Amino acid sequence: MTPSAAADELTPLAERIARLATERGLTLIPATPTSHGPTVHLEPDDLSVATFLDLAVTADQRLVYLASDRFDADKFAELDAVAADTEADDDTRRQASALRAKAAQYAGRPISLEAAFVLQGVEHRWCVQARWFDAFEEELAGITASDEEPWQELPEAEEKALADRLTAELIALPDFRAASSEQGRCGTDPLRHSRTRRHTQR
C-alpha cells in the first residue's frame, strides 16, 4: 500500500504570491538575485509575504524575484538498498520502503520558496520551507540513526569479550603470525585502537 503524501502547500502559495505581486504592480522574475553585499533574511514568523511585498512597494522597488528549490527523488535512491538489505531489521526496511514511496510522490514538488528584492545593494529575502519536507527529513534522520553497527549497542563487558575473541581469531591466522614474526613484538593490542575509537563514538 502506497503511503499517502502530505499536501503540497507551496505551489498554491507561489500562485498567491504571483497574484499579490500583480495587484501591487510588481514584476516577478523567476530567479534568485546574486549579490555580494549584506542580506536580510525573513521568514513567515517575522512577517507575511503580503507585508514583504508591501515593503518592496514602499521602498519603490518594482522588481521582485521568486525562486524555488524542487524535490529530486533520485537523490534518495539509496533507500532502495536499505529496504532490500537483509541484514537490516524489519522496521528499518519497512520505513525505508515507505519513505522511498513518498519520495517518488514528492518528485518535482517545491521544497522551498524565496521571494526577494534588492534595495541599495542590500538583499531582502523572504523564505519558507515546506512542512512536508521537514517531516521527510525527520523520517530520513530516524532511518539513518537506526543504521548503527552492532557493537555500538553492546554492553562494555560483551564488547571486550567480542574484541578478545576477534583478537584470538586474528592471531590464529597463519598470515598474521608470519607478519608478527617479521615485525617483532611491540606490545600493542591490534584491536586496542579500534576499541578506543568505539568508546569515543558512543
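Contact here means heavy atoms within 4.5 Å. On that basis, what covers the buried residues of helix α2 (residues 49-58) includes α1 (10-23), β2 (39-42), β3 (63-70), β4 (110-119) and β5 (122-129). Helices (H or I, at least four residues) and strands (E, at least two) are DSSP runs, numbered from the N terminus. The model is a predicted one, in which local features need pLDDT of at least 70 and side-chain atom pairs count only at pLDDT 80 or more, while totals for chains, interfaces and linings use all residues. Residues are numbered from 1 along each chain as its sequence is written, and side-chain values use heavy atoms, with hydrogens and water left out.

Now for the overall picture. The protein chain comes to eight helices and five strands, laid out along the sequence as α-β-β-α-β-α-α-β-β-α-α-α-α. Of its 202 residues, 29% count as buried, where buried means under 20% relative accessible area, exposed over 50% and partly exposed in between (1.4 Å probe, protein chains only). Among contacts with a separation of 6 or more, 78% are between residues 24 or more positions apart.

Back to helix α2, whose buried residues are V49, A50, F52, L53 and A56. Seen down the axis of α2, these residues fall within an arc of 160 degrees, so they line one face of the helix; the arc is that of the directions from the helix axis to the C-beta atoms. Just after α2 comes D60, with a positive phi of about 60 degrees. D60 is a residue other than glycine, sits in the loop between α2 and β3, and counts as exposed at 59% relative accessibility. Q120 is another non-glycine residue with a positive phi, of about 50 degrees. Its place is the loop between β4 and β5, and at 79% relative accessibility Q120 counts as exposed.

F52 also turns up in the largest nonpolar core, which has 34 residues; those with the most contacts inside it are L13, I17, F52, F71 and W126. Such a core is a set of buried Ala, Val, Leu, Ile, Met, Phe, Trp, Tyr and Cys residues joined through side-chain atoms within 4.5 Å. The elements giving two or more residues to this core are α1, α2, β3, α4, β4, β5 and α5. Not counting residues up to four places away in sequence, W126 touches a list of partners that includes L13, I17, V49, F52, L113 and A115. L66, in strand β3, is buried with a relative accessible area of 15%. Leaving aside neighbours within four places in sequence, L66 is in contact with A14, I17, L28, I29, P30, A31, E114 and A115. L66 and L28 are 38 residues apart in sequence, yet 6.4 Å apart in space, C-alpha to C-alpha. Over in helix α1, T11 counts as partly exposed at 29% relative accessibility.

The aromatics come next. The structure holds ten aromatic pairs, meaning rings of Phe, Tyr and Trp (its six-membered ring) with centres within 6.5 Å; planes under 30 degrees apart count as stacked, over 60 as edge-to-face and the rest as tilted. F71 and Y106 form an edge-to-face pair, 6.0 Å centre to centre with 85 degrees between the planes. F71 lies in the loop between β3 and α3 (78-84) and Y106 in helix α4 (residues 90-106), so the pair ties together parts that are 35 residues apart in sequence. Both partners are buried, F71 with a relative accessible area of 4% and Y106 with 3%. Y106 also pairs with W132, this time tilted, at 4.3 Å centre to centre and 40 degrees between the planes. That pair links distant parts of the chain, with Y106 in helix α4 and W132 in helix α5 (residues 131-146), 26 residues apart. Like Y106, W132 is buried. F71, F76, Y106, W132, F133 and F136 form one aromatic cluster. Finally, the charged end of R109 sits over the ring of W132, 5.3 Å from its centre; the criterion is NZ of Lys or CZ of Arg within 6 Å of the ring centre and within 35 degrees of the ring normal.
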